Amino acid sequence: MTDLTSLGVKEIRDGVRDGSFTAREVAEGFNAAVAGAAALNAFIVTTPDHALAAADKVDAARAAGETLGTMAGVPIGMKDLFATNGVQTTAASHILEGFTPRYESTVSQKLWDAGAGMLGKLNLDQFAMGSSNETSYFGNVTSPWKKAGSNAAMSPGGSSGGSSSAVAARIAPAATGTDTGGSIRQPAAFTGICGIKPTYGRCSRWGIVAFASSLDQAGPMARSVEDCAIMLGAMAGFDPKDATSLQMDVPDWEAALNSDLRGKKVGIPREYRMEGTDQAILDSWEQGKAWLKDAGAEIVDVSLPHTKYALPAYYIVAPAEASSNLARYDGVRYGLRDLPEGVGLQDMYAATRAAGFGDEVKRRILIGTYVLSAGFYDAYYTQAQKVRALVARDFARAFEECDVILAPTTPTASFPLGSMNEDPLTMYLNDVFAVPASLAGLPAMSVPATINADGLPLGLQLVGRPFDEQGVLNAGLAIQERAGFTAKPEKWW
Amino acid sequence: MSVDKATVAKIASLARIRMDDEALERMVPELNGILQWVEQLGEVDVTGIEPMAAVIPNTLRLRDDVVDADPLTGGGKRDDVLANAPAAEHGFFGVPKVIE
């Protein structure tokens, strides 16, 4: 019998449906794989019983002849940014350690309703702030990949680093991620898997620990474009509990998958040809163009003139929103309280936040507080929001000339843990290609393209018009079919 | 623009994060590095551009004007709300004394 942990979402769902194996067998297989992979530190808590209970429900439903959900029998990893009823939810921060929600996030509830089960809560950068998964209070996540000839622990990317590590290591067939400025796409690229951030508003933010509310979007991370299409369909949908939720139907993305790109135009943004980008990444970009051309698309040059300013604008807007959102952690309502002997309320706030937040979180709260403070608001925040409007306008103009944009996901492949910590700015620059689509709220996906000379995966990014997840998925599928990416990390954990 | 130690101390106080001298000293060059880098936004000509308010055009909805329109976000949740409080007494959040 096939090793069930080698299967993806679609194969598991179809196999459970047609009785090739039971959902319980699948859950047991992945529970064991998770238990055997502690060295990756991908999970903060594991929930084998949740996975088994969901599987038993699916098996019983099948036995009773009921129609099974679109994710029936698929056990997944849940990024620990989603509130899960009765299961600790930390955002990888000490300040939320022990917090046990009494409610379920909309996205996770929708996945359970579709028949999925939970293997556990996945590690991440603290409050999703980071690009290497080194800011978690619960320790670094290690990528299953190794650089050829080296035993150094590699970064799985961030902030959804537990998700990318788990999916790449085949200890979960799929996982949820969230993307504020690249946190789904960059880790997907680093680990040779797929990940899509849908249009802002597609997935409800209700029950997701807030980082930067105007940017945060949930999305799936899995090993194929089809699996992402299936899982995104289960996650998306209107939710009256989120004021920014899109009130529109969710298309059947899986059914409409089509890699025939004849009549489609693929835009190549000339400003993405940046200094400091690895030659191997530029080569894979060229290869990507050839693949999409082979799929029938016409390649056109487009211009996104404000690309260079997207990242600095992001590092004003996101910290500003974070400083406001994270004001709720006050030691009063939930989470950590540090109350030194004899102090008053204000000192309790300050002591709690000092003890509870990690360095990167503090740094961003301070930046956000500064750029929103009296006298600096217009110079920083208003200016950044204007630049953001220009970044979005660039995309709108480019999409008058093309249907989808092809670009690299990251300027480099994964790097060893601990190698980029000298200066916070160096780390920020890893999201240079991912952030513009986030600022514009556009659907964007990373698909694995190739392996570099060091044996590490490289990803290609597709960015689409608002609401055109289908166009992004279809172009992703065309690349997937031609890239034939089958490399996987050798098991060392 | 750049910040000195006194300014960082002021920001930290506004953000309610206690920071000792050493932490402040460390933060000054880090914040200045980031602030100097974002200065480049000043080069961008934003004449006539409105700051972005909503990334995807959307209208704000009104919920039905009834009590508990959504039971998940409606009232009657006191025990759930207090369940994770570090100190909850008599159905209230407990805090240190704020009135002398």
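This is a predicted model: local features need pLDDT of at least 70, side-chain atom pairs count only at pLDDT 80 or more; totals for chains, interfaces and linings use all residues.
## Chain A as a whole

Chain A contains 15 helices and eleven strands, and its C-alpha atoms fill a box of roughly 65 × 55 × 50 Å along the principal axes. For 493 residues, a compact globule would have a radius of gyration near 23 Å, and the 21 Å of chain A agrees with this.

Of the 493 residues in chain A, 62% are buried. Where contacts in chain A join residues at least 6 apart in sequence, 77% of them link residues at least 24 apart.

Strand E2 of chain A, residues 75–79, is largely enclosed by the rest of the structure, because five of its five residues are buried. Pro75(A), Gly77(A) and Lys79(A) point one way from E2(A), whereas Ile76(A) and Met78(A) point the other way.

E2(A) pairs in the parallel sense with strand E3 of chain A, residues 117–122, over five bridges, and within this pairing Gly77(A) has Gly120(A) as its bridge partner in E3(A). Together with helix H4 of chain A, residues 106–113, the strands E2(A) and E3(A) make a right-handed β-α-β unit.

## The contact between chains A and B

The contact involves 60 residues from chain A and 42 residues from chain B. On the side of chain B that touches chain A, the elements giving two or more residues are helix H1 (5–14) and helix H2 (21–38) of chain B, and H2(B) gives the most, with seven residues. By class, this side of chain B has 30 nonpolar, five polar and seven charged residues.

Technical notes: Residues are numbered from 1 along each chain as its sequence is written. Chains are lettered from A and ligands numbered from 1 in the order in which they are written. A residue is buried if 20 or more other C-beta atoms lie within 10 Å of its own, exposed if 12 or fewer, and partly exposed in between; C-beta atoms are placed from the backbone. Helices (H or I, at least four residues) and strands (E, at least two) are DSSP runs, numbered from the N terminus. Two strands pair if DSSP finds at least two bridges between them. A crossover is right-handed if, with the strands pointing away from the viewer, the path from the first strand over the helix to the second runs clockwise. Two residues are in contact if their C-beta atoms, placed from the backbone, lie within 7 Å. Ala, Val, Leu, Ile, Met, Phe, Trp, Tyr, Cys and Pro count as nonpolar, Asp, Glu, Lys and Arg as charged, and the others, Gly among them, as polar. The radius of gyration is taken over C-alpha atoms; the globule rule is 2.2 Å times the number of residues to the power 0.38.
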